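Colleague: Could you take me through this one slowly? I'd like to look at it while we talk.

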Amino acid sequence: MRRRHALLVAAVAGLLAGGLSVAGAASGPVTVCAAAKGGGLRYAASGVCKGSETKLVLGATGATGATGATGATGATGATGATGATGAAGGYPSSIETKSIEGAHTLVLSDAGKVLYSSGNITVTVPLDTAADFAIGTRIELVNVRYLMWVTPASGVTINGQTAGLIPMEHKAQHEAEQGSGAVLVKQAANVWYLLKPLKET
């Protein structure tokens, strides 16, 4: 009982000073009744005040406040700058060469190279299942000396021809000249063209 009176005295002292004081030892809210006349205060152990009194509850937890409004959505970040356009392509300053002799069947590493021979030689263009060159592949052939022919493997077409030897020049095979050349170009699957020099008059 003495403990509750001490809490009441502390509360009244806080009210007279213009503030609110709640004893730290309180185990719960404390009810104080204020008289309508004179403003006298009394501690209500039962928590009930008379009809002529004003009820004051000290140390009670207030109701939970309403949820605050949702914050504004942040601005969208700026789009990054577009990368610089790559330089335009051009012809290489040099082309890799490869010496071939005897009978040579094209392999994928021949693509884009200059194949040259100093002896009689036959170059075979393989089927795609053996060496699947990309469409547009270009292979240059140079006859340093003697004769060079191109022949299609079974299933391959070169200049509309599906078999036999195709000379690098328009002249007869035995008239091929030193330093002559031609270019093989793949036009479609298993379809090639041998681009020969213009025929001399």
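Colleague: Where does Asp110 sit?

Modeller: Asp110 lies in the loop between strand E5 (103-105) and strand E6 (114-117), where strands (E, at least two residues) and helices (H or I, at least four residues) are DSSP runs numbered from the N terminus. This is a predicted model, in which local features need pLDDT of at least 70 and side-chain atom pairs count only at pLDDT 80 or more, while totals for chains, interfaces and linings use all residues. Residues are numbered from 1 along each chain as its sequence is written, and side-chain values use heavy atoms, with hydrogens and water left out.

Colleague: Is Asp110 buried or exposed, and why?

Modeller: Asp110 counts as buried because its relative accessibility is 0%; buried means under 20% relative accessible area, exposed over 50%, and partly exposed in between, with a 1.4 Å probe and protein chains only.

Colleague: What does the side chain of Asp110 make a polar contact with?

Modeller: The partner is the side chain of His104, at 2.9 Å. A polar contact is a pair of N or O atoms within 3.5 Å; within protein, one must be able to donate a hydrogen and the other to accept it, and residues adjacent in sequence count only if both atoms are side-chain atoms.

Colleague: Which residues is Asp110 in contact with, leaving aside neighbours within four places in sequence?

Modeller: Those are Lys98, His104, Thr105, Leu115 and Ile139, where contact means heavy atoms within 4.5 Å.

Colleague: New topic: how many disulfides does the search find?

Modeller: The search of the whole structure finds 1 disulfide, a term for a pair of cysteine sulfur atoms within 2.5 Å. Cys33 and Cys49 form it, with their sulfur atoms 1.8 Å apart. The pair links distant parts of the chain, 16 residues apart, since Cys33 is in strand E1 (residues 30-35) and Cys49 is in the loop between strand E2 (41-43) and strand E3 (53-58). Both Cys33 and Cys49 are buried.

Colleague: And the largest nonpolar core, how many residues does it have?

Modeller: That core has 21 residues, and Leu141 and Leu184 have the most contacts inside it. A nonpolar core is a set of buried Ala, Val, Leu, Ile, Met, Phe, Trp, Tyr and Cys residues joined through side-chain atoms within 4.5 Å. Among the strands that each supply at least two residues of this core are E8 (138-143) and E12 (180-188), while the largest share, 3 residues, comes from E7.

Colleague: How many helices and strands does the protein have?

Modeller: The protein has 1 helix and 13 strands, and buried residues make up 29% of its 201 residues.
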